[in-house]
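Q: Can you walk me through this one? I have the sequence and the coordinates open.
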Amino acid sequence: GLRAAWRFAPCRELGGDLLRLHRRGDGAAAWILDVAGHGAAAALLASAVWQALSPTGRAMSGPSPSAVLARLDALFPIERFEKHFTLAVVF
């Protein structure tokens, strides 16, 4: 019996802001992502993080939000991508 509603109005520029709500086991998971900056670089990193956070992705298999964040930190080190992102995860 979970119902959700939101309004997501992205700007006209390419960017790295995303949100998602999906089933996870017997419950649900939600996250909001904001990649620093604008343009193609932010959008590409957001897309890669989106895939890692998909229900079958490598990061969402963690048992808790902190485990998911630790996995993302390992997958997307700032030294490699020269960009950072802010993420809120709720199970």
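A: One term before the details: strands here are DSSP runs of E with at least two residues, numbered from the N terminus. Note also that this is a predicted model.

Q: Fine. Where does Leu-33 sit?
A: Leu-33 belongs to strand 2.

Q: Is Leu-33 buried or exposed, and why?
A: Buried means under 20% relative accessible area. Leu-33 has 1% relative accessibility, so Leu-33 counts as buried.

Q: What is Leu-33 in contact with, sequence neighbours aside?
A: Leaving out neighbours within four places in sequence, the contacts of Leu-33 are Gly-16, Asp-17, Leu-18, Ala-46, Val-49, Phe-85, Thr-86 and Leu-87. With Leu-87, 54 residues apart along the chain, the C-alpha separation is 4.6 Å.

Q: And Gly-27, where is that?
A: Gly-27 is in strand 2. Its relative accessible area is 35%, so Gly-27 is partly exposed. Between the C-alpha atoms of Gly-27 and Arg-71, which are 44 residues apart along the chain, there are 21 Å.

Q: In what sense do strand 1 and strand 2 pair?
A: Antiparallel, over 8 bridges. Asp-17 is opposite Asp-34 in strand 2, and Arg-23 is opposite Ala-28 in strand 2.

Q: How many residues are between strand 1 and strand 2 in the hairpin?
A: There are 2 residues between them, and Gly-25 in the turn has a positive phi of about 60°.

Q: What about strand 2 and strand 3, how many bridges?
A: Strand 2 (residues 27-35) pairs with strand 3 over 6 bridges, in the antiparallel sense. Ala-30 faces Val-90 of strand 3 across that pairing.

Q: Which side chains of strand 3 are buried?
A: Phe-85, Leu-87 and Val-89, which point to one face.

Q: Switching to helix 2. Which residues are buried there?
A: In helix 2 (residues 65-75), the buried ones include Val-68, Leu-72 and Leu-75. They are on the same side of helix 2 because they cover an arc of only 60° around the axis.

Q: And which are exposed on the other side of helix 2?
A: Ser-66, Asp-73 and Ala-74 are exposed on that other side.

Q: What covers the buried residues of helix 2?
A: The cover includes helix 1 (40-52), helix 3 (78-81) and strand 3 (85-90).

Q: Last topic: which residues form the nonpolar patch on the surface?
A: Leu-2, Trp-6, Phe-8 and Leu-21 form it, and together they have about 430 Å² of accessible area.

Q: Where is Trp-6?
A: Trp-6 is in the segment before strand 1 (17-24).

Notes:
Residues numbered from 1 in each chain as written. Predicted model: local features only at pLDDT ≥ 70, side-chain atom pairs only at ≥ 80, totals over all residues. Heavy atoms only, no water. Patch = residues over 30% accessible without salt bridge, like charges linked within 9 Å, V, L, I, M, F, W, Y side chains within 5 Å. Areas by Shrake-Rupley, 256 points an atom, 1.4 Å probe, with all protein chains shown as cover. Salt bridge = Lys/Arg side-chain N within 4 Å of Asp/Glu carboxyl O. Helix = DSSP H or I, 4+ residues; strand = E, 2+ residues; numbered from the N terminus. Buried < 20%, exposed > 50% of the residue type's maximum accessible area, 1.4 Å probe, protein only. Arc of directions from axis to C-beta. Contact = heavy atoms within 4.5 Å. Pairing = 2+ DSSP bridges.
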